[in-house]
Amino acid sequence: FAVLAIYASTTSAEDLLVGADIGYGEYLSGECVTCHSQKGVDKGIPAINGLDAEVFATVMHAYKAGDMEHPVMQMVARRLDGEQIASLAVYFASLSSAE
């Protein structure tokens with residue numbers, strides 16, 4: 001979480017969510033829900049439904065930059081641009097955690 005604090009302090013919330021589009025996020029979400037439960041249930045892989053959009057975007061940018069380590073998440077995040085991360089962030093934030 002120290003990485004999140006460092007990244008968040010250098011990037012404003014507005015910058016993290018620039019270009020966010022819930023519909024685009026829903027369209028992109030298919031790969032995410034392959035591992036992260038569509039029902040928002042944490043079964044060893046963190047639930048992302050209902051996660052605060054800024055937190056989601058910060059974590060994804062940290063994976064993209066290599067500041068957080070997880071080979072699969074780094075690979076996924078590095079393929080996404082800022083608008084795609086922002087769109088995924090607002091989409092998953094819009095879902096209830098128990099959906």
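A disulfide is counted when a pair of cysteine sulfur atoms lies within 2.5 Å. The model is a predicted one, in which local features need pLDDT of at least 70 and side-chain atom pairs count only at pLDDT 80 or more, while totals for chains, interfaces and linings use all residues. Residues are numbered from 1 along each chain as its sequence is written, and side-chain values use heavy atoms, with hydrogens and water left out.

A search of the whole structure gives 0 disulfides. C32 takes part in none, since the nearest cysteine sulfur, which belongs to C35, is 9.1 Å away. For C35, likewise in no disulfide, the nearest cysteine sulfur is that of C32, at 9.1 Å.

The structure does hold 1 salt bridge, a term for a side-chain nitrogen of Lys or Arg within 4 Å of a carboxyl oxygen of Asp or Glu. The partners are E31 and R79, whose closest N and O atoms are 2.3 Å apart. Because E31 lies in the loop between helix 3 (22-28) and helix 4 (32-35), and R79 in the loop between helix 6 (71-78) and helix 7 (82-94), the pair ties together parts that are 48 residues apart in sequence. Helices here are DSSP runs (H or I, at least four residues), numbered from the N terminus.

The table lists relative accessible area, where buried means under 20%, exposed over 50%, and partly exposed in between (1.4 Å probe, protein chains only).

| Residue | Relative accessibility | Class |
|---|---|---|
| E31 | 41% | partly exposed |
| R79 | 47% | partly exposed |
| C32 | 14% | buried |
| C35 | 47% | partly exposed |

Methods
Helix = DSSP H or I, 4+ residues; strand = E, 2+ residues; numbered from the N terminus.
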